[in-house]
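Please look over the report below with the sequence and coordinates at hand. It is written for quick checking.

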Amino acid sequence: MTLKLGFIGIVTVDMAASLAFYRALGVPIEEGLDDAPHVDAKLDDGTSLAWDTIATIRGFDPDYITPTGGHRIALAFDKGTPAEVDAAFAELIAAGYVAHVEPWDAHWGQRYATLLDPDGNSVDLYAELPAN
C-alpha cells in the first residue's frame, strides 16, 4: 500500500481571519468562503490545505479542546529566492500579521523567516541561499 498525504488541515477560531492571512501569503483560496465551516484550497504543487472551524470539528468530535501553548502545526513555504522570502515577510508584516523570527541566513543554507497565522500557527518562509 502506498501512503499518500491527502491534505493538511488547519483548525481555526476565525475562518475569515485565517483565510485572509493565507490569501496574503499567496494561497489561491476562492472568495466568498469566509463564513464557511470548511474550506479547501490547492497549491500549485498539488498540496491541499483545508480549514475547519472549531464548531465543525466538534460536530464529529464533541470533546475537542483547542490546544494551548506553542504552535500546533508548522507550515513551511518555499518562496524560491532569498529576496522573495524578504519581500513576502515584509508584505505580511505591513499587512498587520505577526512576525515571529525575522528573516535570517540559516546555517543549513536557507534564507528563513517565521510568522504566526491568526491562530498562532508557525508559518515559515524559506529559500535556498546561493552557493558560496
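## Basis

This is a predicted model: local features need pLDDT of at least 70, side-chain atom pairs count only at pLDDT 80 or more, and totals for chains, interfaces and linings use all residues. Residues are numbered from 1 along each chain as its sequence is written, and side-chain values use heavy atoms, with hydrogens and water left out.

Helices (H or I, at least four residues) and strands (E, at least two) are DSSP runs, numbered from the N terminus. Buried means under 20% relative accessible area, exposed over 50%, and partly exposed in between (1.4 Å probe, protein chains only).

## The sheet

Four strands form an open sheet with mixed pairing, in the order β4-β7-β6-β5. Two strands pair if DSSP finds at least two bridges between them. The edges are β4 (74-78) and β5 (98-105). Each has a single partner strand, so one side of each is left without a neighbour in the sheet. On average, neighbouring strands are turned by 15 degrees against each other, direction ignored. Axes here are lines fitted to C-alpha atoms, for helices over the stretch in contact, and angles run from 0 to 180 degrees between N-to-C directions.

β4 and β7 run parallel and are joined by five bridges. A74 has S122 of β7 as its bridge partner. D78 has Y126, also in β7.

Helix α1 lies across β4, β6 and β7 and runs at about 5 degrees to β7. Helix α3 (residues 82-94) also packs on the sheet. It touches β5, β6 and β7, and its direction makes about 15 degrees with that of β6. Contact means heavy atoms within 4.5 Å.

The buried residues of α1 are M15, S18, L19, F21, Y22, R23 and L25. At the start of α1, a side-chain oxygen of D14 comes within 3.2 Å of the backbone nitrogen of A16. Just after α1, G26 has a positive phi of about 120 degrees.

S122 lies in strand β7. It is buried, at 6% relative accessibility. Leaving out residues up to four places away in sequence, S122 touches H71, I73, A74, L75, T114, L115 and L116. Its side chain also makes a polar contact of 3.3 Å with that of D124. A polar contact is a pair of N or O atoms within 3.5 Å; within protein, one must be able to donate a hydrogen and the other to accept it, and residues adjacent in sequence count only if both atoms are side-chain atoms.

G120 sits in the loop between β6 (110-116) and β7 (122-128). It is partly exposed, at 29% relative accessibility. G120 and A94 are 26 residues apart along the chain, and their C-alpha atoms are separated by 18 Å.

## Salt bridges

Side chains of opposite charge can pair when their charged atoms come close. A salt bridge is a side-chain nitrogen of Lys or Arg within 4 Å of a carboxyl oxygen of Asp or Glu. By this rule there are four salt bridges.

R23, E31 and D34 are linked in a network of salt bridges. The N to O distance is 3.4 Å for E31 with R23 and 3.1 Å for R23 with D34. R23 lies in helix α1 (residues 15-25) and D34 in the loop between α1 and β2 (38-42), so this pair ties together parts that are 11 residues apart in sequence. R23 is buried, with a relative accessible area of 18%. D34 is partly exposed at 31%, and E31 is exposed at 61%.

D105 and R111 also form a salt bridge, at 3.0 Å from N to O. D105 is partly exposed at 47% relative accessibility, whereas R111 is buried at 16%.
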